[in-house]
Amino acid sequence: MSIQTRTHVKAAEATNPQAAAAPAAKMVARDVKVFYGAKQALKGINIDILENKVLALIGPSGCGKSTFLRCLNRMNDTIDNCRVEGLISLDGEDVYGRRIDAVQLRARVGMVFQKPNPFPKSIYDNIVYGPRIHGLASHRDEMDEIVETSLKRAGLWNEVKDRLREPGTGLSGGQQQRLCIARAIAVSPEVILMDEPCSALDPIATAHIEELIDELRENYTIVIVTHNMQQAARVSQKTAFFHLGDMVECDDTEEIFTNPRDERTQGYITGRYG
Ligand SMILES: Nc1ncnc2c1ncn2[C@@H]1O[C@H](COP(=O)(O)OP(=O)(O)O)[C@@H](O)[C@H]1O
Ligand SMILES: [Mg+2]
């Protein structure tokens, strides 16, 4: 356990003796409710998102997985009639608190979407866009360094290092998705959210992203929404099952898939409903 993580545990122990044995939570959701107008999409979600682990969110379409993911970096702020209640914290700080700026938050809690969405710019400019606006790099050599490191971490460097000035949209779908991961990494996030990141990709590109997710876990905390249960089983250490706006259970991934406690989870993982 790192010194930093240890400090977090200590801080948690000081305020809550019951937290003593629990591993460090990077993000915490408590009684999170989300409404779109009068319609309630989440009914009081409680989840601890553990540091340097992959948490998979699974459940039937429309159960609220994307809605929950968007609460974590306040992407729901951008949806007109959407209202979020409850607590979401990052390193113990309320992300909806007054001192938090949503744009800064989204640099710390980055997001990768279902469909690869590179900017209509060069590969190089896709990566340096975020660092530039966040003032993380201004000199050419700093930017070169960020481009190389981010592309290496995203497993794309060798494929694109000789064509950094070519458009990102000219890459294959799988490469574009890794470019989007590199773009998220470029602003040094702590948490990376991925909403069905492989659903537009072929099996080989998917396998590549799955391997990458496993490597990224060393440096980042990851939350991934997937409708593919094999994928959840392969990439995650923790899995949360959502159903009709409730989080039914969250446990070690192996436990969820071999020994689910709730019959709704059982029904879903055995394919009784989708
Ligand atoms: N922008 C929106 N406006 C109104 N309702 C929405 C919006 N986004 C999602 N919903 C509703 O919220 C519920 C949860 O949706 P979502 O989070 O997208 O589920 P999932 O990602 O699990 O498929 C669904 O009933 C959906 O129709
Ligand atoms: Mg969704």
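Visitor: Which residues line the largest cavity?

Guide: This is a predicted model, where local features need pLDDT of at least 70, side-chain atom pairs count only at pLDDT 80 or more, and totals for chains, interfaces and linings use all residues. Residues are numbered from 1 along each chain as its sequence is written, chains are lettered from A and ligands numbered from 1 in the order in which they are written, and side-chain values use heavy atoms, leaving out hydrogens and water. A cavity is a set of points, on a 1 Å grid over the protein atoms alone, where a 1.4 Å probe fits but cannot get out, and lining residues have an atom within 4 Å of a point. The lining of the largest cavity is made of Asp48, Ile49, Leu50, Lys53, Val54, Leu55, Ile222, Lys238 and Cys250.

Visitor: How much space lies in the largest cavity?

Guide: The search of the whole structure turns up 1 cavity of 30 Å³ or more. A volume here is the space filled by probe spheres set on the points, which are joined across faces, edges and corners. For the largest cavity, that space is about 30 Å³.

Visitor: Which strand gives the largest share of that lining?

Guide: Strands (E, at least two residues) and helices (H or I, at least four) are DSSP runs numbered from the N terminus. Strand 2 (39-50) and strand 3 (54-58) each supply at least two residues of the lining. The largest share, 3 residues, belongs to strand 2.

Visitor: How many of the lining residues are charged?

Guide: Asp, Glu, Lys and Arg count as charged; Ala, Val, Leu, Ile, Met, Phe, Trp, Tyr, Cys and Pro as nonpolar; and the others, Gly among them, as polar. The lining has 6 nonpolar residues and no polar ones, and its charged residues number 3.

Visitor: Now to the helices: how is helix 4 oriented to helix 5?

Guide: Axes are lines fitted to C-alpha atoms over the stretch in contact, with angles from 0 to 180 degrees between N-to-C directions. The axes of helix 4 (residues 123-133) and helix 5 (residues 140-153) come within 9 Å and cross at roughly 110°. Angles of 65 to 115 degrees count as roughly perpendicular, and those under 35 as roughly parallel, so helix 4 and helix 5 are roughly perpendicular.

Visitor: Which residues of helix 7 does helix 4 meet?

Guide: Helix 4 and helix 7 (residues 173-185) pack at about 30° with axes 7 Å apart, and are therefore roughly parallel. Contact means heavy atoms within 4.5 Å. On the helix 4 side are Ile123, Asn126 and Ile127, and they meet Leu179, Ala182 and Arg183.

Visitor: How many polar residues are in the contact of helix 7 with helix 8?

Guide: The axes of helix 7 and helix 8 (residues 203-216) come within 9 Å and cross at roughly 20°, so the two helices are roughly parallel. Gly174, Gln177, Arg178, Ile181 and Ile185 in helix 7 meet Ala205, His208, Ile209, Leu212 and Leu216 in helix 8. By class, this contact has 6 nonpolar residues and 1 charged, while its polar residues number 3.

Notes: 1 Å grid on protein atoms, 1.4 Å probe; cavity = no way out; pocket = protein on both sides within 12 Å on 5 of 7 lines; lining within 4 Å. Parallel < 35°, antiparallel > 145°, perpendicular 65-115°, else oblique.
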